[in-house]
Amino acid sequence: MDARPSAVPAPSHSPPGGKANRRRFTFRRPPFAAYLGADVPASLVVFLVALPLSLGIAAASGAPIMAGLIAAAVGGIVAGSLGGSPLQVSGPAAGLTVVVAGLVQEFGWQVTCAITAAAGLMQLLLGISRVGRAALAVSPVVVKAMLAGIGITIILQQVHVLLGSRPAGAALENLAALPAAITNLELHAALLGLAVVAILLCWKFLPAAVRRVPGPLAAVAAGTALAVAFAPGVERISLDGSIFDAIALPQMPDGNWRAFAFAVLTMALIASIESLLSAVAVDKMQTGPRTNLNRELIGQGTANIVSGSLGGLPVTGVIVRSATNVEAGAATRTSAVLHGVWVLAFSALFAGLIQLIPLAVLAGLLVVIGARLIKVADIRTSLRTGDLPIYAVTLICVVFLNLLEGVMIGLALAAASVLWRVLRAPIQSHRPTAPSSPWRVTIAGSCSFFALPKLNGVLQSVHAAADVVVELNADYVDHSFREALLAWQRQHQAAGGTVHLEEHGNTVFQDAGHQAPRREDATELPLPPRKESLLLGINRYHRRFAHQVRPLVHDLAEGQNPDSLFVACVDSRVNPNLITSSGPGDLLTLRNIGNVVCSHGQDASIDSALSFAVNGLGVQSLVICGHSNCGAMKALLAEADGGGNASLGPAFGQWLDHARPSYTELLAGHPVGRQAAAAGYSTLDQLAMVNVAVQLAKLQDHAVAGPVLAEGKVQATGLFYDIATAQVLQITADGVGNLDPACEAGLRGHAPAGR
C-alpha cells in the first residue's frame, strides 16, 4: 500500500545565539526501505511461482521457451512500475495461450511479437483515452466461461504432450487424436506428468511448513529430479543460450494485413479485460489503495510494447501470481518489480538448469492450471441465475471456434438476455371470479413497443362488452405502448364495455403522450388514487398488497411487541407508520384531537393506553407527534382572537382545555416557540411545536409514565411533522432539531415559502 505523508522535522540552520530556532515541518513519504522487509520475501515467493508457470505457458503457446521468461521479467519490472494496481503481478498468462498458439502457427513467431507490440500500443491509447472502466462492462458469466474454455483447450493440448505425442492446433483435432495418443503413449513421459499432477493435487493437504514452498515449484523440481534419475531419455526444454540470446526483434507481415489487424484487436481486448478483471479481484483481497484502471491499462500497454519488441510473450495481469503476492504479505508495487528482477537474473545466470526440465513435467503443470480455470462454483452460479445457456455457448465457441469469436458470441448472447429480461413486460388477463367482478388485465415492467405483440394478444382474450380493470405497474412507458392501449380502450368502450385504468408503478401513463419516455425511480409508497371509495381500496389491497403483507404479519397473529406508544393527532394527513418507516407490530398508536396527554385521572382512555403500553407491553419509547396547520391549534388561536367554536359543540371546547396551557407557554416566550419563530414558522405552527413540548412535560408528571421516565427505562420523544415539506422535526423541552440528513444543520431554510 502507498505510504502516507508524515510530518518529519527538518534540521534548523539558525546560527547559535541568533534568533530562536524555528522547527520546520515538511511532508515526506517514509523511506523506500521501510517496506522492503515485507516486499523482498513476497517477491521471492512470487518469483518461485512465476518461473515454472512462465516456462509452461511458453511451451503451450508454441513460442520459444525464453519468451515466457522475457514476458515475466518485463511484466514485473515495467507493468509493476507503471501500472495502476499497487499489488498486481503481471506476466505471461494462460488466458492468451490459445490465441498466441494460433498466431504463431499462422504468422510465425516474429510477426506474433509485432502483434504483441501493436496490441500494447492499442492498450496504451485506451488508457490515455480513459476508457479503462468501460472495459469492465463485460458480463462476468462470459469471462468465467472464457476462462473455462481456455482451460479445456489447454488440457486437450497438453494431455498429448503428457502422453509423449505432439498436440494438434485445433481443439477438435486434439480431441479426435486422443485415443491414438493413449494407445501409443510414452510411459516415462506419462509417469512424470502424472507425478506432477499428483503432487499439485495433494499439495494443499501437506503440513503448513512444507506448503511454504510454492506447489508448482516443488512439483517441477520433483518431476525434473525423477527424470534425471530414472528417465534421462525423455524430451526436455531446448534453449539457445541465455535470456539475452533469446531476444528477437519483431517483424511485420508480408501481407494479410486484415488478419494482422484482427489479431492485434483480439490480443488487445483480451489482455485488457483479463488485466482489469484481475486488478479488480486483487482490490477485493486487500484493504490498501484501489486500482487506477486507466493507469493500469497504460502500464500493461507499455509492458506489451517492450515485451513484443524484445521477443517476449504477451503480458497481462495474472490473478494466480497476484493472489500469491497478497498472501505473501507484499506492501507496495516494489514486490512485483523485484519479482521481475529475480526472473531476469535467474534466466541470465542459470539457463542450464532450465534445460533439465522435461516437457511432460510442464505439461502436467499446465493440465492442472487448465483444470483450475474450470470452476464448478461458476457453473452452479450460472445455473441459479439463469445464465447457464450463455456460459455453455461461450465455452463451446471458445473451445471449437476461437477465443475472440467465442467471447463476442457470448457477449452478444448476454446482451440479448439482458434485453429480454429488461424489456419483457409481464402482461396477463384474469377472468372474473364472481358474476359481478370485472376482468383484470395486469401489466408490469418496461412497457415499450417490444411488448406490443403480447399486449395485443392478451387484450384480444378479454370478452367484448366486459367491465375491465387495467392494473399498470410500470417503470417505463413509451408512446407506442400508450397509443396501443388507448386504441384498445376506445374500441372496447365502443362495444359497450368499460375500462378503468389503475396506475401503481413509477411512471404516469399520460406523460408518455407528450414527452420522451424515461425510466422513473422506484417508489415504496403504494398510494391509491384520491377520492377512491373505502371498499374499492380494500378490493385493491386484496388484489395487490395482501400477499406482500401476509409474511410480515405471520408472526404477529398470536401477539404483539411494539417498540413505541405513538401519540398523534387524529388529522388524516398524519401517517405514523409512513413517517417512521415502520410496519405492522412496530407502533402502538393513540390518536386524539391535538395529540394531547391528559393529567392522570382526567381521561380513562389515555390513562389505560399508557398503562397498557408501559406495564403491559413494555414499550421503550413514548412519542408525542404534532403537525403543521393543526385544526386544534387553529381553534385555540381563534378563541384567543375572540372567535368561537360553538359549531363544534361543547365537548370539543372541553377537550381543548388539555391544550390551552400550550398557548399560555407560547405567550410566555417558550424556547421552542422562539426557535420556531426564528426559523420562519407561522404562529400556528409555533403553537403546535410548543404544544408537543408541553405534552412531553405532562408525561414526566403522569402517575404511569413519570416513574419509568425518571428511571430511564422508557424514553420520551417529541416530533413535529411539517406537512408542506414532508419533513419531521424533533421537539425537546427547550428546542427544535432537524432530523433530515439531507439538509444542513438547524432549521434555517426548511420552512415553506411565505411563512
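1. Which residues have the most contacts inside the largest nonpolar core? They are Leu69, Trp109, Ile115 and Leu313, in a core of 93 residues; a nonpolar core is here a set of buried Ala, Val, Leu, Ile, Met, Phe, Trp, Tyr and Cys residues joined through side-chain atoms within 4.5 Å. Buried means under 20% relative accessible area, with a 1.4 Å probe and protein chains only.

2. A second, separate core has 51 residues, among them Leu622, Ala693, Leu699 and Val714.

3. This is a predicted model, in which local features need pLDDT of at least 70 and side-chain atom pairs count only at pLDDT 80 or more, while totals for chains, interfaces and linings use all residues. Residues are numbered from 1 along each chain as its sequence is written, and side-chain values use heavy atoms, with hydrogens and water left out.

4. For the protein as a whole, 46% of the 755 residues are buried. Of the contacts (heavy atoms within 4.5 Å) between residues at least 6 apart in sequence, 74% join residues at least 24 apart.

5. Met633 lies in helix 26, residues 631–640, where helices are DSSP runs of H or I, at least four residues, numbered from the N terminus. Met633 is buried, with a relative accessible area of 1%. Leaving aside neighbours within four places in sequence, Met633 is in contact with Gly594, Ala659, Leu684, Leu687, Ala688 and Asn691. The C-alpha atoms of Met633 and Ala688 are separated by 6.3 Å, although these residues are 55 apart along the chain.

How values were computed: Buried means under 20% relative accessible area, exposed over 50%, partly exposed in between (1.4 Å probe, protein chains only). Helices (H or I, at least four residues) and strands (E, at least two) are DSSP runs, numbered from the N terminus.
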